[in-house]
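Open the model in your viewer and keep the selection panel at hand. The tour goes from the whole chain to single residues.

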Amino acid sequence: MKKIYYTITYVLLTACFSGCSKDFLEQTNPNAVSVDRGFQTETDIANGVYGTYQALRSSNCIGEGAQTWTDDRSDDVNTTDNQSNNGEPFQFTAFSLVSSNTYLQSHWTALYTPISRANLVLSVIDKVSFASEATKTQYVAEMKFIRALMYFNLVSEFGDVPLVTDRLTSTEQVAALTVRVKQETVYAQIIADLKDVIASNLPITQPAAGKGRASLQAANGLLGQVYLRMGATLSGSDATTNFNNAKTYLLACYNQKTFTTLSTIPYADVFDVTKKTTCPEIIFQIAYLQGDVNYSSRLAANNQAKGETINSQIVSTGSGGTLTEDLRKEFETGDVRTNFSIKYAANVAVQSYFITKFRDVSAAAGVLGYGGNDFIIMRYADIILNLAEVYMYLGDNTTAIQYLDMVRTRAGMPAYAVMQANTAYTSRYPSLKLAILHERRVELAFEHHRWNDLTRFFNAADLVTYIRSKSQADYNNSPLTNCTTKDYYFPIPLNEVKLDPAHMPQNPGY
């Protein structure tokens with residue numbers, strides 16, 4: 001099968017769910033080709049599938065550049081420029097976000113775009129003949145996986161959100177679906193979709209040519225993460241049942257691994273562009289094409305600091321990808337992840353640490369920095385630490401520590417039990433829960449997990465306490481005292497609220 005580097009070649013959307021006026025569908029383009037006429041062959045459907053994957057690449061969605069609503073929102077990365085772009089990116093890191101923020105609107109729209117495309121493909125696929133029914137079944141599973149992944153991001157970031165699982169074809173349908181539904185209802189749809197994926201004929205792991213596409217590994221892992229978040233965050237729910245379900249699916253994913261122990265995979269191999277299609281730790285990734293001006297990765301080039309050559313052949317004139325001093329202090333002495341993930345740039349114009357986790361100095365990437373780094377959405381160290389977390393919640397600390405130590409051992413660090421004699425470690429991480437959170441922070445740094453980790457490990461009040469307890473000196477000009485309980489969720493974009501204020505109410509505090 002083709003790898004996911006292509007833009008869609010047919011019109012995929014007949015209605016704009018996000019941020020459109022309600023008379024949108026009443027406008028007709030006499031030169032337009034109807035959607036049904038655009039999807040008549042198996043190739044047409046394949047292009048629709050590719051286009052749905054392509055939408056994930058956007059920096060407004062979950063692609064490599066989606067730092068603003070992930071790491072920048074958290075305590076890992078700090079946007080210090082409160083002047084550029086009307087200061088809108090700074091609002092995320094300074095806990096001063098307003099509902100009229102145009103970056104917020106773009107993010108909301110970008111998360112719904114793959115959903116709209118998946119719904120469209122699912123609405124027409126039964127009308128098309130396939131040479132093999134197995135191919136059709138796989139396409140259906142892939143679309144449901146992407147839809148579930150997007151709704152998981154939406155419900156995690158915004159709480160109650162509109163739930164759309166059909167192709168939008170009328171203004172009346174749009175109006176009826178412009179309503180925030182309870183998280184529990186959204187989660188039920190996510191679970192239903194992922195259970196369908198798990199029961200499908202998708203491969204357990206994708207072959208090299210299929211990297212960037214959904215697999216049974218990815219579906220099991222995602223469903224485990226969904227149940228884990230439900231157990232940790234849904235008030236009034238049966239947390240124990242959710243945690244046990246999380247354990248079931250996370251273990252199913254773990255048992256589908258094709259390696260023996262995590263330590264057999266060097267940490268650097270996970271991010272080696274020459275091994276991105278063969279590294280067995282990677283479960284799901286967004287593919288980028290080395291050397292291509294349109295579809296290459298910019299991670300290595302954009303993170304490069306002035307005077308440095310470790311990431312890319314590009315000659316940088318700036319400070320590169322920066323991080324908070326709070327995160328730098330989190331790395332333990334002797335941890336192999338430290339020197340791989342960050343480096344001090346001594347150039348007089350920089351004199352600070354920058355991100356070195358994503359590298360491509362190849363001739364194919366060249367001096368313009370057209371890198372081949374795929375962006376990893378899910379990998380086994382993530383799943384292993386999820387297992388440590390869920391066993392901890394279920395009261396089995398012994399097993400939780402076993403999974404925690406798998407990750408620490410690969411990093412060359414002493415076991416958790418040994419660290420109990422280290423007062424610096426125990427004073428900073430006095431509980432197993434904080435030790436797991438620490439391990440996730442260091443292991444998965446700059447991979448866009450941190451904000452969702454914080455909102456899963458802490459409720460709103462505890463999150464505020466955690467953020468405000470940190471040293472302001474480690475955060476430059478982002479005022480920690482701005483953080484309040486409202487910041488647990490993003491605001492609903494103002495344009496969405498204005499569509500129907502009664503059914504699209506704003507999140508509290510905004």
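For charge, Lys and Arg count as positive and Asp and Glu as negative, with His and the chain ends not counted. The place of a charge is NZ of Lys, CZ of Arg, CG of Asp or CD of Glu. Select those atoms: the protein has 43 positive and 48 negative side chains. The centres of the two sets lie 2 Å apart.

This is a predicted model, in which local features need pLDDT of at least 70 and side-chain atom pairs pLDDT 80 or more, while totals for chains, interfaces and linings use all residues. Residues are numbered from 1 along each chain as its sequence is written, and side-chain values use heavy atoms, without hydrogens and water.

**Whole chain**

Switch to cartoon. Along the principal axes, the C-alpha atoms fill a box of roughly 70 × 50 × 45 Å.

Colour by burial next. Buried means under 20% relative accessible area, exposed over 50%, and partly exposed in between (1.4 Å probe, protein chains only). Buried residues make up 58% of the 510.

**Helix α18**

Select residues 450-457. Seven of the eight residues in this helix are buried: R450, W451, D453, L454, T455, R456 and F457. Now show α8 (216-233), α13 (380-393), α17 (432-443) and α19 (460-468). The buried residues of α18 pack against these four helices, where contact means heavy atoms within 4.5 Å.

**Q304**

Go to the loop between α10 (299-303) and α11 (325-328), where Q304 is found. Is Q304 buried or exposed? Its relative accessibility is 1%, so Q304 counts as buried. Beyond its neighbours within four places in sequence, its contacts include T309, N311, G318 and F354. Then pick out I314: its backbone oxygen lies 3.4 Å from a polar atom of the Q304 side chain.

**N85**

Last stop: the loop between α2 (42-56) and α3 (88-93), which holds N85. N85 is partly exposed, at 46% relative accessible area. Draw a distance to G371, 286 residues apart from N85 along the chain. The two C-alpha atoms are separated by 26 Å.

How values were computed: Helix = DSSP H or I, 4+ residues; strand = E, 2+ residues; numbered from the N terminus. Polar contact = N/O pair within 3.5 Å; in protein donor to acceptor, adjacent residues only side chain to side chain.
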